[in-house]
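Please provide a short briefing on the structure shown below.

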Amino acid sequence: MTRPQRTVLNNLSSYAFLLPWLIGFFTLTVYPMIYSLYLSFTHYAIIAPPRFIGWSNYKVMFTSDDRFMNSLFVTLRFVFVSVPLKLIFALIVAMIMNRKLALIGFYRAIYYIPTLLGGSVAISVLWRRLFAFDGIVNIILRNIGWANPPSWISNPKYALSTLIILAVWQFGSPMIIFLAGLQNIPREYYEASSIDGANKVRQFFAITLPGLSPIILFNFIMQMTSSFQAFTQAFIISGGNGGPLDSTMFYSLYLYLKGWGFSEMGYASAMAWVLLLIIGSLTAIAFKISGGLVSYGGGE
Amino acid sequence: MKKITMMLVILLAVTTLVFAAGAKEAQKSDTVTLRWAYWGGEARIERSEAAIKIFEAQNPGVKVHQEPSGGAGDHFVKVDTQVAAGAGPDVINMGGNYPDYIPGGPKGHLTLDLFPYAEQGLINLDVIDPGAIAYATVDGALYGLSTGANMPALVINKSLIERVGAPLPPVTSSYAEFRQYLIDLQRRLPSGVYAMQDIGVLASNSTPFGYWTGYNGTPLYIAAEKATKVTAADAKRYLDLFADYRSLGVIPPADIAASYAETNADTSMLVAGKAAIGFLWTNQVDGYQQAMVDEIDLIEFPGAAERNALWQTQSQVYTINKDSPNKEWAAKFVDFLVNSPDAAAVLGTDRGNSVSSIARAVGVSNPNEQKGLDYMAVAGPHTMPENDHVPNDTEFNSTLFLIYQRVAFGQISTAQGGQEIVDLLNRMIEK
Amino acid sequence: MKKQTKTLLSSLIMNAIIIIIGFAMLYPVLWLFSASFKVPNTIFTDASLIPKAFTLNNYVKGWRGIGIYGFGTFFANSFAISLLSVVANVIFCSITAYAFARLEFVGKRFWFGIMLVTMMLPSHVTTIPRYVLFNRFGWINTFLPFIVPKALATDAFFIFLLVQFIRGLPRELDESAVIDGCNKWTIYLKILMPLTVPALITTVLFTFLWTWDDFFNQLLYLTRPELFTVPMGLRLFLDSSGVSSWGSLFAMSTLSLIPCFILFFSLQKYFVRGIATTGIKG
């Protein structure tokens, strides 16, 4: 296998392909990032100019802001419960959908509909009603014998779980990506292994999982990253206050509250940078661990 | 290759269209354009649009673009961001948080002083209730013009109470009488329905808290002294009051109370038929009544008459952006909204009862609005001047809400809660 | 014979399971759909899926929007933004992905790492600086703040997705193309891009959906009601101090689902196409 020469011309023509991304990167990403890093060392009430206060924001965050630490724990709980569940469901359903049933197109669409509703206001409102004290869920539960079910959505012990369920319910996106990935595993592999006498379970572990491994990694990182930033559903379902008792105060929600609600954009910027570091570290760890597990078929 | 060329051509066409759409905005004309930002739903938007049409008809050459947001939360996020980028609207509605935007305020100076414009004759302040002007006057400058007056009240579900055969509560009562009434009423109510919603646990509870501290003689905040008169013991007594109600069963337990956000008619326990008494602002009567089949009415907070603990306040204020390129026209528009009888006819009491005597002459259009006026007539004498708003309004409300919930859910004691509230007050004042 | 019945039976069972679970999953959506046909003040009291008080009025009233601008306008705006974003993303993200996945150049690993990091940047951070920038260009109340970032490939998600896909394609394809006399550009256009169709379709679908639902940015950049999009129109139905128009909200939410559903339904068959194994020679 020959590799193209690293000539200057070669580099330049490669960079030409990269140009749009580079422009976007410097103007729309780097500049705002630097500006927000600067803001994280200031007190910035949005309309009045920023006032430099050094490390104060970071200090307060980790030593005296209970609501911050709480939001961090709430978010960690949310991410590490909902993401694995979501991926597992997505994979199972994708595998079920990866076959020639008569109405398969229709079925795929059905399972994707919850995701289509996305951050829809209507669905969040509905969710609140579903899990309310006198909501449908409790009506069903009472009918099957549970005499006094709690008010899920307004009980600090359970409110977060309703949000986790909402997130897992919308597993459509990773499901689609798994489906695309499953399609990309050559059928010959399965046929060959069948001939060799492998059963479905063995096939799954020997062919499907390794074949899907780049996709699994991709889905995991993407879901983790976006779950850390989850905002809309918590915002609408809790009415914007992260309640009850801050049990649904996601990191992003607290950031939003601090930045726009309490006019501490400097603090919010500091929170954003801390989040970036957390996500970055977890992703690096994920990549490191996956190095030995993920196989790229194209000979990278 | 052909497909690719076609795609590129389409892309080119699309890009040109996009830039053309952008360029259209830059047209220069001699029409004056005003941008008016406020919050509200469908009903309010229709009323506002009707008022705008009248203004534009009376003033050819002036166009008013309204920029409504679904809620106050969205509204301020949008306005703050726009202003930070130097692109704020001309006329901006604000609520009790307007002091955040005056010179020296925590968010920065945004609101224009209106007195000079009154002197130029652009705004007629002579027909405005003095209380309304005083409300938005700080250090000799007027930062906003009231959209209308309202008062806090307790709302009762008249039909429900009559249905269970209970007497209606007195409009005026003392705390002891009120407590007894709640107990008696609760006895007759079916299970699952409570005599009163736990207004201490609501997100908007800073108002009832403000009422009680006023009644207690220890106002929340005195601007001149930059201090609060509330002590931990006072705050504890307020928390104990509701703990008492909770133990009597006249208000719902914390998790049920928390499931009603009480931000509007849809999230109201009263409207849902699960509470007989709730908290309401007078300008909301029409909206709430329309959401219910049962009839509602207003009564005073207990103890209002004995200590004149209620107050009349302004529901919202119209403010003008100090960097607006059309300040004179903005002033004329605000004057129109507040003083014009034509405007008052279409705007109604949706943003409070008009504070302008010439606009008031129009009268109110429906019996629900009349209920608000009747209440204000009775409760009016039982008022004192409104206390100053605690600075950093949003954060105060949010944290107060959290503290109350923690007490209600039993996480902390009322004594601890009392202490935390006082600490919160001091923190907000110092910020 | 026995095997045929066995496969028929298992396929029937499979269908049944899928339908039952699907129904349970869809219950909230079905409820939403049925609520859109209920008379507004029965929506939360009538718990059944079949409306006891049926009405089409929610759709009529809801379509009118806020009177001056109706959902006809809102849908048009949403479509414009979403479609333009799709075009921009498909073109520019795949070009960038090609560069990262196949081309060699100085600093490639570095830039790739940087690109991954940009995926993890919380969006709230870049909001105000971007707003300041776009405002200086005069792009407020246009669709440019939505499209330009896509054209500059800031959606690292799709770049990453396409990179992973391209990496899965054998390098022999490239090499045989070079032998056939192709340069970088033609390798990309003629050989690789057609093979990444499943990933490109994914890009189309998700770009459309995420742009359609991007409420926060629409809120910031579109202040004139005539430019409002569907999510903003829906929000207008929620009145924070008075009565929300539930009927209209649910009716228009249902309508809002339809383009997304149609798009998804029509695109999903492209996932069925497997990799072209005949492209590999030798």
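**A buried glutamate and the A–C interface**

B:E67 lies in strand β2 (residues 62-69) of chain B, where strands (E, at least two residues) and helices (H or I, at least four) are DSSP runs numbered from the N terminus. This is a predicted model, in which local features need pLDDT of at least 70, side-chain atom pairs count only at pLDDT 80 or more, and totals for chains, interfaces and linings use all residues. Residues are numbered from 1 along each chain as its sequence is written, chains are lettered from A in the order in which they are written, and side-chain values use heavy atoms, without hydrogens and water.

**Surroundings of B:E67**

- B:E67 is buried, with a relative accessible area of 0% (buried means under 20%, with a 1.4 Å probe and protein chains only).
- The side chains of B:E67 and B:R35 make a polar contact at 2.6 Å (a pair of N or O atoms within 3.5 Å, one able to donate a hydrogen and the other to accept it; residues adjacent in sequence count only if both atoms are side-chain atoms).
- Leaving aside residues up to four places away in sequence, B:E67 touches residues including B:W36, B:Y38, B:K78 and C:T223 (contact means heavy atoms within 4.5 Å).

**Interface of chain A and chain C**

- In this interface, 90 residues of chain A are in contact with 92 residues of chain C.
- About 8700 Å² is buried between chain A and chain C, and carbon and sulfur atoms give 76% of this area (accessible area, 1.4 Å probe, lost on putting the two parts together and summed over both).
- A:F17, A:W21 and A:L28 supply 10% of the area that chain A buries against chain C, more than any other three residues.
- Helix α1 (residues 8-39) of chain A gives the largest share of the side of chain A that touches chain C, 22 residues.

Definitions and conventions. Buried < 20%, exposed > 50% of the residue type's maximum accessible area, 1.4 Å probe, protein only.
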